[in-house]
Amino acid sequence: MENSRKIDPKTLKRIFGYILKNYKIQFILVIFCVLFSSSGTVASSLFLQNLIDDYVMPMLGQTNPSFAPLLRALGFMVCIFAVAVISAYIYNRLMSKIGQGTLRDIRNEMFEKMQYLPIKYFDTHSHGDIMSHYTNDIDTLREMISRGVPQMVSLSLTLILTFLAMIKTSIHLTILVVFLLFIIINVSKSITRKSGKYFVKQQESIAKVNGYVEEMINGQKVVKVFCREDESIEAFNRLNDELCNDSTEANKYANILMPTLANLGNLQYVLIGIVGGFLAINGVGGLTIGAIVSFLNLSKSFSMPISQISQQVNLIIMALAGAKRIFTLIDEKEEEDNGYVTLVNAEIKDGKIVETDHYTGKWAWKHPHSDGSLEYVELKGHIELSNVDFSYDGKKTVLHDISLYAKPGQKIAFVGATGAGKTTITNLINRFYDIEDGKIRYDGININKIKKDDLRKSLGMVLQDVNLFTGSIKENIKYGKPDATDEEVIEAAKLANVHNFIMMLPDEYNTQIDGNGGSLSQGQKQLLSIARAALNNPPVMILDEATSSIDTRTERIVQEGMDKLMEGRTVFVIAHRLSTVRNSKAIMVLENGRIIERGDHEALIAQKGQYYQLYTGNFELE
Amino acid sequence: MIKKLLKSIREYKKDTFLAPFFMILEVLMEVFIPLLLARLIDEGINKQDMFAIIKVGVELIFIAFLALTFGRLSGKFAAKASSGFAKNLRKDMYTKIQDYSFYNIDRFSTSSIVTRLTTDVINVQQAYMMIIRIAVRSPLTLIFAFFMAFFINHKIAIIFMVAAPILLTSLIIISRVAHPIFRRVFNTYDKLNTVVQENVRGVRIVKSFVTEEKEIKKFNNVSNSIYKDFTKAEAILALNNPIMQMTVYTCLTLIAWFGSHFIVLNTLTVGEFTSLISYTMQILMSLMMLSMIFVMITLALESAKRIAEILDEIPDLQNPENPIFEVKDGSIEFNNVSFSYFKDVNKLALKNINLKINSGETVGIIGGTGSAKTTMVQLIPRLYDVTEGNLKIGNIDVRNYDIRTLRNAVSMVLQKNELFSGTIKENLRWGNEKATDEELIKVCKYAQADEFISKFPEGYDTYIEQGGTNVSGGQKQRLCIARALLKKPKILILDDSTSAVDTKTESLIRKAFSEELPETTKIIIAQRISSVQECDKIIVLDNGSITGVGTHEELLRTNEIYKDVYESQMKGGDESGK
């Protein structure tokens, strides 16, 4: 179609690439079946021509006409029809398999790909946008593949076959049809363009209404408290009216398309009749009456697919736009990992570290050197940052010259205002982001050399926003260690002070929760996340504002769990409440990406600097 | 349910009637077309009469033109009627939601309200347009075409009479069988969305536990079950097309056979024969459309049901018959108040609360999570109604006040603060539309917000993003307090509204309250003892009951829980300000 300049051929090609990759044979079979099924349509038109000229006309005027030849011809047609019907069934079945299968492949690839994207991707794309790839974009693609593709194949085949049959019947009339075709295409193009424009506008208005409703309903209680109902309705009505206008225009043009095309088809019919009649009367091109009749039918089968295709164009453009967004996600660069130092189970034999294949409670870094030799370094949890600079965008440096170390078992705290760079430092240790300058060493090894998965396995995390997953409590606790035994789960829960609470639930450890934690309180959810981290028994822990959304009485319970969790581990803790960080080995006070004060609690208090101000409540943390 | 929805058509009744009206005219024209075409062949082409060809041709063009005009008019009115209907539905729902009490709001989740207002309404709109166009068109075409076929040759028309019901029944059976599978698929879709949502939200957890593969497996499982169900449902739908084709071909073959006989016997002309075939197609196409509409309507019914739920919800708080329009003072009295969120005396969230607060007093409320602090204060502006007992403000039961009057007198800063997209000024003016700039600055000074607002480059015209994401937690809380102060309330309730504000600023806010708002009753819910220490009265709540009322010193002596909380906070020493 003329609209094709809006259709991105690259995206289309790629979709077909997916189809052909796994369903080549089926797809070829589909094309054949579509061919058979469309030939049924063409055959029926051609048959009508023969029917009148070859069978009915000769019988006219005969006193005792014989219907035997007609019967034979009909029998032949029934066979063709039977083949057409059976192929129609086969290709419909196959196409749904191909369509759904391809969608599944694309969907799965997209999700798999997403798992290996760097954190940066998630920090710079809104969750709503990411979600819409799995909902809206896949939906429109589904429409196109499972409906559009077979229809297109079938329609274009019908088109070609009908066209050939038309040429065979009458070249003169075919020329007329082609001429009319241009008019029809142009008319439909201008209508679809208009409706397309308003459909885009409608989409935007829907998004606006959506956004407004979401914001207002979220704050509905505030609306009530301030008696702002009338104002809220008024603003809604404005957006709503706009949407109504766009929707009316969009649908108007869409509705007009069908009658316009149908009646242009009728016009074509009449013109063929007139021209055909004229030709037949004047004996041009040897047209018979039967030929005109069958040509009229052919012209109908010819213009029908064209009007159907033009109705599909908007759908296809939308689907391709969605597909393009999906492919953009799939083409995102994966998180790079050039690490080659791995984490292995180890035991110490005769003072030497030896790799084993079973759990011993001890681990070692397996460090292959460039000269081919292997070195084993015991995993202790010694972390050292020297002169680290970092920026998120390569322009604005958010961390300046950070140097610090944590010996195994030490607790290091970060304190400072929002945006000071506390969380950023922890993001560098587990390599969610990579440093710009300086070095981070883990047990003396540059963390760039450590495989990211192994690095992260050795670092436990408890965050302020607890993210649980739909499933049972037990599954949630063993999230990071699926092969953990029930005893281990209970042990971890006891350590986190959450065992007693779990036992009070209706199904104990098998109680189902959803991702939001459902009926669990914030404190209970946090305890579960502590248990989850404890089960993995990592030598280093990162606690980012883990207790700030819990009231002080509950915090005491959580704190006990946390203290037990921290025992014997290297811990980096970020906290809002200074009571949590008081007993740290060292406290780093951050401001604008720099460490401005460091030392233990007593030393910092004595210093009477920023920490002292914070501690005495004269300074706001957030 | 349908009746309820149809009430929203209102001013679009005219369009709703005009759309099918013009559609009927269009169909009438369309039905004549094959008849004229027959004449074109019989009188013109067959008799090789050029004059007849042109005469019938002109008639045909005229009729096609009429059909086109009617079709366009019908399409236009249908678009207007359906879009307007959708608009009114949204408007009615939204207006209704504004009438909801907190109790009603709690019953629907935000996302479910949003889907109902958007997706569900769009589904109904589509179905409505279908109904006033196609659902009128198809049966009409069916009847007219049938009538015409009968008129041409009633014996051949018997073929349709047999074929039509068979086709329609099988198409409907197919969609009936496929429909429940499709519904299951959409449920599975929800599951898939949950997996993705939890994954995206918890991406840091996934990465730090290195569970990418586990997540992929989880996703693939759900993805696979969608694939299985979908192909299953579509396998059934795959019968649609072949059945349709089979019917068409059978009819064609039969018409060809009998038609030839009738032509030979001279009871049927060639032209009539072709128009019979046209009618065959018209009839079968209408049947196909009807079965499609059937599917669409069943799907839209689900949406209609969800919309009706919003419209049918009865707001559980109503204005009294002779409301009182003035709140005398800020005194509060709880008499034996019990409250349940479920209106069930066996599931009480608050039990037997008896309390008297004098006008102008400052009252603190302390208690752990789940002790019903928020619940208790929400009864004061009548956000919920008490389940038992009564609650009086200015010596009058809150249920006797005009709700708007009451809520303007009782200003509440909710725990879940919300700022809305718009400038700081616009946000503040929620408290009082007509407030002057001076008044705005005054309340912001009380709330200790003026200082940081002035530091913004655009000051009071700074744009607040949706959800207030571009101000810090402490700043947001102070803006919310200022907004509440602008109402000049008789009673001011702060529900844990200074948790992110530092202790020094917080004490400045409290100071401003006592100096500038001596007449106003102030109720402060807090986590920190230091926030309520100086209150005239402190209430200790535990598990829905009051366990102690008194000053800080009294409670330290008499109340175990209070002492406990105090000591837990003193141990850290962080908030004591020592």
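**Chat on the predicted model: chains A and B**

Biologist: How many helices and strands are there in chain B?
Modeller: Chain B has 20 helices and 12 strands. Keep in mind that this is a predicted model.

Biologist: What does the C-alpha trace of chain B span along its principal axes?
Modeller: About 115 × 55 × 50 Å. The radius of gyration of chain B is 36 Å, whereas a compact globule of 578 residues would have one near 25 Å.

Biologist: And what share of the residues in chain B count as buried?
Modeller: 49% of the 578. As for contacts in chain B between residues at least 6 apart in sequence, 78% join residues at least 24 apart.

Biologist: How many residues does helix H6 of chain B have?
Modeller: H6(B) covers residues 154–201, which is 48 residues. From first C-alpha to last it reaches 68 Å, close to the expected 70 Å.

Biologist: Where does H6(B) bend?
Modeller: At B:His179, by about 30°. A proline, B:Pro180, follows within four residues.

Biologist: Switching to sheets. In what order do the four strands of the open sheet in chain B run?
Modeller: E2-E1-E4-E5, with antiparallel pairing. Strands E2 (350–357) and E5 (396–397) are the edges, each pairing on one side only.

Biologist: How many bridges are there between E1 and E2(B)?
Modeller: Five, with E1 being residues 332–339 of chain B. In one of these pairs, B:Phe339 has B:Leu350 in E2(B) as its bridge partner.

Biologist: Now chain A. Which domains is it divided into?
Modeller: Domain 1 (2–170 + 287–330), domain 2 (342–378) and domain 3 (383–615). The centres of domain 1 and domain 3 of chain A are 57 Å apart, taken over C-alpha atoms.

Definitions and conventions:
Residues numbered from 1 in each chain as written. Chains lettered and ligands numbered in written order. Predicted model: local features only at pLDDT ≥ 70, side-chain atom pairs only at ≥ 80, totals over all residues. Domains from an automatic or database assignment. Pairing = 2+ DSSP bridges. Helix = DSSP H or I, 4+ residues; strand = E, 2+ residues; numbered from the N terminus. Expected span 1.5 Å × (residues − 1). Bend = angle between axes of the 7 residues up to and from the residue. Rg over C-alpha atoms; globule rule 2.2 N^0.38 Å. Buried ≥ 20, exposed ≤ 12 C-beta atoms within 10 Å, placed from the backbone. Contact = placed C-beta atoms within 7 Å.
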